[in-house]
Amino acid sequence: MAIYHFSMKTFSRSKGQTATASMAYRSGTKIDCEREGRTHDYTKKSGVEHSEIFLPPNSPEWASDRTALWNNVEKAEKRKNSTVAREFEVALPQELTKEQRIALVADFARQIVERHGCAVDACLHDDKRSQTPNHHAHIMLTTRKLEQTGFTDKTRELDDRKSGEVEFWREQWAKTVNDHLKQHEIRDKNDHLIHVDHRSLKDQGIDRQPTIKMGVKASAMERKGKKTEKGDYNRAIKSYN
């Protein structure tokens with residue numbers, strides 16, 4: 001059954017993070033970081049199904065090259081504690097084919113570009129180590145608008161919780177997923193159209209306790225057959241529900 005998941009995070013130099021390393025890892029590629037003077041090589045990383053860059057109209061030619069794009073992101077930020085990138089992480093419906101999932105993410109990425117004028121680099125993953133399908137996407141956003149002259153103003157509306165932008169995208173992701181599920185006539189065993197809902201269980205009027213996100217370390221331990229507190233908690237919640 002299709003599930004809803006949408007989370008946003010930022011990457012900051014104050015945390016020792018770089019846009020080049022983050023993007024190389026998510027795309028399973030090699031990026032030479034000019035600012036750091038070192039290479040981030042993740043070409044042996046598995047599970048990357050597709051990656052694609054989406055740009056505003058009249059973007060400079062260099063922006064279509066991943067290495068050039070994210071090196072210019074780093075150059076545009078001068079402060080030691082700068083936020084260098086944003087990420088929307090989303091779950092993809094396992095009921096869709098690979099081509100349909102790619103089209104879904106492309107649709108959403110273009111909406112982001114149109115609304116904020118930033119560059120977007122989207123990577124679709126499938127964790128083959130998981131016992132169940134784990135289709136998801138990492139949608140990386142530049143923190144500045146991209147114009148013909150290069151990177152310009154910060155997209156600060158995504159930093160301000162009061163702006164409602166993050167909540168807007170949470171709802172818009174659900175709408176976009178549902179549009180694609182409807183387009184492909186994806187139905188459950190009772191022949192009902194499958195859909196996702198961005199609202200909490202409480203807001204949906206559903207008396208069911210939600211599970212918690214496992215995280216990388218706990219998920220890896222569970223795959224090796226080692227029980228974790230988070231895993232035990234989720235098993236108890238599923239049994240209760």
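User: Is Phe108 buried or exposed?

Analyst: The model is a predicted one. Phe108 has a relative accessibility of 0%. The cut-off for burial is under 20% relative accessible area, so Phe108 counts as buried.

User: What are the relative accessible areas of Phe6 and Phe88?

Analyst: The limit for a buried residue is under 20%. Phe6 is buried at 6%. Phe88 is likewise buried, and its relative accessible area is 0%.

User: How many aromatic pairs does the structure hold, and what is the geometry of Phe6 and Phe88?

Analyst: There are eight aromatic pairs in the structure. In the pair of Phe6 and Phe88, the ring centres lie 5.0 Å apart. The planes meet at 45 degrees, so the geometry is tilted.

User: How many residues apart in sequence are the parts tied together by Phe6 and Phe88?

Analyst: Phe6 belongs to strand S1, residues 6-12. Phe88 belongs to strand S5, residues 83-91. The pair therefore ties together parts whose separation in sequence is 82 residues.

User: Which helix holds Phe108, the partner of Phe88?

Analyst: Phe88 and Phe108 form a tilted aromatic pair, with 6.4 Å from centre to centre and 45 degrees between the planes. The two residues are 20 apart and link distant parts of the chain. Phe88 is in strand S5, while Phe108 is in residues 98-116, helix H3.

User: Which residues do ring pairs link into a cluster with Phe6, Phe88 and Phe108?

Analyst: The cluster is built from ring pairs and includes Phe6, Phe88 and Phe108.

User: Which ring lies under the charged end of Arg115?

Analyst: The charged end of Arg115 is 3.8 Å from the centre of the ring that it sits over. Another such contact has the charged end of Lys45 over the ring of Tyr25, at 4.2 Å from its centre. For Arg115 the ring is that of Phe168.

User: Which helix holds Glu165, the salt-bridge partner of Arg115?

Analyst: Arg115 and Glu165 form a salt bridge whose closest N and O atoms are 2.8 Å apart. Arg115 lies in helix H3, and the pair ties together parts 50 residues apart in sequence. Arg115 is partly exposed at 41% relative accessibility, whereas Glu165 is buried at 11%. Glu165 lies in residues 165-183, helix H4.

User: What separates Glu171 and Lys175 in helix H4?

Analyst: The two residues form a salt bridge, with 3.6 Å between the closest N and O atoms. Glu171 is partly exposed at 33% relative accessibility, as is Lys175 at 43%. Because they are four residues apart in H4, the separation is about one helical turn.

User: Where does Glu34, the partner of Lys75, lie?

Analyst: The side chains of Lys75 and Glu34 meet in a salt bridge of 3.0 Å, N to O. Lys75 is in helix H2 (residues 66-76), and the two residues are 41 apart. Lys75 is partly exposed at 44%, and Glu34 is exposed at 51%. The place of Glu34 is the loop between strand S2 (30-33) and strand S3 (38-41).

User: How many charged residues are in the lining of the second largest pocket?

Analyst: The second largest pocket holds about 210 Å³ of space and is lined by 13 residues, with Arg79, Ser82, Thr83, Lys154 and Arg156 nearest its centre. Strands S5 and S7 (135-147) each give two or more residues to the lining. One lining residue is nonpolar and four are polar; the number of charged ones is eight.

User: How many of the nine residues of helix H1 are buried?

Analyst: Helix H1 spans residues 19-27. Its buried residues include Met23, Ala24 and Arg26. Helix H1 is largely enclosed by the rest of the structure because the number of buried residues is eight.

Note on methods
Residues numbered from 1 in each chain as written. Predicted model: local features only at pLDDT ≥ 70, side-chain atom pairs only at ≥ 80, totals over all residues. Heavy atoms only, no water. Phe/Tyr/Trp six-rings, centres within 6.5 Å; stacked < 30°, edge-to-face > 60°. Buried < 20%, exposed > 50% of the residue type's maximum accessible area, 1.4 Å probe, protein only. Lys NZ or Arg CZ within 6 Å of the ring centre and 35° of its normal. 1 Å grid on protein atoms, 1.4 Å probe; cavity = no way out; pocket = protein on both sides within 12 Å on 5 of 7 lines; lining within 4 Å. Points joined across faces, edges and corners; volume = space filled by probe spheres on them. Nonpolar A, V, L, I, M, F, W, Y, C, P; charged D, E, K, R; others polar. Salt bridge = Lys/Arg side-chain N within 4 Å of Asp/Glu carboxyl O.
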